[in-house]
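Work through the exercises below with the sequence and the model open side by side. Try each task before reading its solution.

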Amino acid sequence: MRESRSRKVSVSSMRHAFRTIVWPRRKLVFLGLFLVGVNRLSGLVLPGSTKYLLDRVIPHQDTAFLKLLIVVVFLALVVQSVTSFLLTKLLSVEAQFLISELRSQLQRHITRLPIVYFDQNKTGALVSRIMNDVEGVRNLVGTGLVQLVGGILTALVSVVLLLRINAEMTLYVFIPITVFGFVSMKAFAKIRPIFRQRGAITAEVTGRLTESLNGVRVVKGFHAEAQEDRVFADGVERVFQNVRTTLTTTSFVTSLATLLMGLTSVIIMGLGGTLIIQGSMTVGDFVAFTLYLAFLVAPIVQMSNIGTQLTEAFAGLDRMEEILHMDREGEEPGRTVELTEVRGDIEFDGVGFAYEPGKDVLTDISFRVPAGTVTALVGSSGSGKSTAAGLAASFRTPSRGVVRVDGVDLATVRLGSYRRHLGVVLQDEFLFEGTIRENIRFARPDAPEEAVLEAARAAYVTEFTDRFTDGLNTVIGERGVKLSGGQRQRVSIARAILA
């Protein structure tokens with residue numbers, strides 16, 4: 001079942017890659033293919049010229065033809081250099097732009113997933129997926145894909161030229177090359193799931209490291225540095241074992257290529273030497289054949305490396321597709337009501353909720369909160385107070401019953417239209433790195449200064465900021481660590497008031 005699902009995701013990834021990545025950039029890709037074609041064909045001029053140098057210029061001392069040969073080779077080298085520069089400039093820059101676009105696309109989708117997704121995944125792991133999973137995709141538009149096609153083109157032209165020089169020697173050449181191609185296909189099929197595992201392992205290790213750094217005060221408070229060291233070392237070891245497996249496989253392919261290509265050289269040396277002795281092949285033909293053979297072999301070896309890069313790219317796309325296929329929050333077909341104005345009447349009618357099936361946190365809860373009033377939920381720890389607040393804030397949907405806002409079932413409301421009127425102060429307040437003013441303005445970045453000051457005064461933020469040298473422009477550090485718990489709570493209240 002797992003292999004079938006993986007195969008489906010891979011096919012979907014390839015289709016998605018062509019439809020959304022390659023095809024929209026088809027003009028650039030086609031230009032790259034044209035440039036690489038010109039580049040590879042111009043590169044074949046130099047080995048071809050050796051035949052004429054050895055068989056015509058030197059034996060007949062034809063200096064006029066030598067000058068023409070030098071000019072042609074020089075022009076071919078210029079064309080090769082210019083096209084190489086253009087390929088790198090056009091495709092590498094576009095590939096980096098593509099990576100930035102895909103990261104933004106993935107980030108936009110993840111931030112719109114339901115709260116339950118974030119409860120089940122580590123923050124650091126999600127950061128790793130956004131930043132790392134798309135990195136290998138540069139090879140689909142960058143030099144990887146185009147070089148792969150260019151390598152195939154060079155190999156095909158080289159085969160035609162080799163057949164023209166000597167068909168028998170060319171057929172012998174294909175025996176080790178065919179073996180190499182078969183082994184390479186099997187190797188790449190093996191390492192693709194390993195690349196996918198590497199992304200998952202890296203995300204998991206990054207997630208735990210992020211947690212450890214965010215909770216460094218807890219770690220130090222319980223003298224647990226050694227424990228965290230062991231956990232991280234174990235994670236790094238898993239990454240190393242994965243990398244070692246892929247390196248072993250790819251190095252095996254490269255070593256096999258070296259062996260088979262060396263065997264090919266031995267075959268050519270024996271056959272070519274025999275044919276020259278028999279007089280059925282000139283020295284120029286033999287040298288040209290050897291150089292064309294190098295142009296056939298080099299792309300094949302190069303394609304093994306590019307194949308690894310493309311395999312890594314598609315593994316990253318597989319992981320991207322897993323996320324992009326998840327339904328975003330609020331996309332349920334029943335959410336059609338647009339709230340243009342909210343008075344604030346909230347009603348729970350027979351509400352039940354469970355985080356896990358069969359383990360209810362709330363059971364048949366009913367109460368009404370009139371607009372303009374303050375309601376306190378009192379109960380022991382774990383009795384469902386925060387869950388009820390989360391249901392009222394539309395962070396979760398009831399398993400049973402109805403939560404109404406101004407008489408409208410919250411499950412039918414477009415979340416954006418409701419949350420625009422919502423201000424939230426969480427029990428575990430969260431502040432962003434920056435200034436106090438920036439945190440108050442978080443929900444309304446363009447709010448006028450007077451509104452910001454009014455919210456700060458209403459939440460008694462100015463009571464302590466007036467004592468700071470920079471006032472509301474005081475930088476509070478990551479998660480507001482430079483403020484006390486009470487001060488952070490006041491800034492959160494001010495943020496909610498301004499919202």
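The model is predicted, so local features need pLDDT of at least 70 and side-chain atom pairs count only at pLDDT 80 or more, while totals for chains, interfaces and linings use all residues. Residues are numbered from 1 along each chain as its sequence is written, and side-chain values use heavy atoms, with hydrogens and water left out.

**Exercise 1. The whole chain**

Task: State how many helices and strands the chain has, and what percentage of its residues count as buried.

Solution: 
- Step 1. Helices (H or I, at least four residues) and strands (E, at least two) are DSSP runs, numbered from the N terminus. The chain has 18 helices and four strands.
- Step 2. Buried means under 20% relative accessible area, exposed over 50%, and partly exposed in between (1.4 Å probe, protein chains only). Of the 499 residues, 39% count as buried.
- Step 3. A contact is a case of heavy atoms within 4.5 Å. Among contacts between residues at least 6 apart in sequence, 79% join residues at least 24 apart.

**Exercise 2. Helices packed on H4**

Task: Describe how H2 and H4 pack, then do likewise for H3 and H4.

Solution: 
- Step 1. Axes are lines fitted to C-alpha atoms, for helices over the stretch in contact, and angles run from 0 to 180 degrees between N-to-C directions. Helix H2 (residues 26-43) packs against helix H4 (residues 63-111) at an angle of about 155°, with the axes 9 Å apart.
- Step 2. Angles under 35 degrees count as roughly parallel, over 145 as roughly antiparallel, 65 to 115 as roughly perpendicular and the rest as oblique. H2 and H4 are therefore roughly antiparallel.
- Step 3. A crossing is left-handed if the near helix is turned anticlockwise from the far one by less than a right angle, and right-handed if clockwise. The H2 and H4 crossing is left-handed.
- Step 4. Residues of H2 in this packing include Leu28, Leu31, Gly32 and Leu35, and those of H4 include Ala76, Val79, Gln80 and Thr83.
- Step 5. For H3 and H4, the angle is about 170° and the axes are 10 Å apart. H3 is therefore roughly antiparallel to H4.
- Step 6. On the H3 side, the residues that meet H4 include Tyr52, Leu53 and Arg56; on the H4 side, Phe65, Leu66 and Leu69 are among them.

**Exercise 3. Aromatic rings**

Task: Classify the pair formed by phenylalanine 348 and phenylalanine 367 as stacked, edge-to-face or tilted.

Solution: 
- Step 1. Rings of Phe, Tyr and Trp (its six-membered ring) pair if their centres lie within 6.5 Å; planes under 30 degrees apart count as stacked, over 60 as edge-to-face and the rest as tilted. The structure holds two aromatic pairs.
- Step 2. In this pair the centres are 4.5 Å apart and the planes 15° apart, and the pair is stacked.
- Step 3. Phenylalanine 348 lies in strand S1 (residues 346-356) and phenylalanine 367 in strand S2 (residues 359-369), 19 residues apart.
- Step 4. Phenylalanine 348 is buried at 3% relative accessibility, whereas phenylalanine 367 is partly exposed at 25%.
- Step 5. A charge sits over a ring if NZ of Lys or CZ of Arg is within 6 Å of the ring centre and within 35 degrees of the ring normal. The charged end of arginine 56 sits over the ring of phenylalanine 65, 3.8 Å from its centre.

**Exercise 4. Positive phi**

Task: Decide whether glutamine 61 is buried or exposed, and do so for serine 394.

Solution: 
- Step 1. Most residues other than glycine have a negative phi. Glutamine 61 has a positive phi of about 50°, and phi of serine 394 is near 70°.
- Step 2. Glutamine 61 is in the loop between helix H3 (45-60) and H4, and it is exposed, with a relative accessible area of 67%.
- Step 3. Serine 394 is in the loop between helix H13 (385-392) and strand S3 (400-405), and it is buried, at 5% relative accessibility.

**Exercise 5. Contacts of single residues**

Task: Which residues do valine 283 and arginine 396 touch, leaving aside those up to four places away in sequence?

Solution: 
- Step 1. Valine 283 is in helix H12 (residues 283-324) and touches Leu54, Asp55 and Ile276.
- Step 2. Arginine 396 is in the loop between H13 and S3, and it is buried at 17% relative accessibility. Its contacts are Ile115, Val116, Asp119, Phe353, Tyr355, Gly390 and Leu391.
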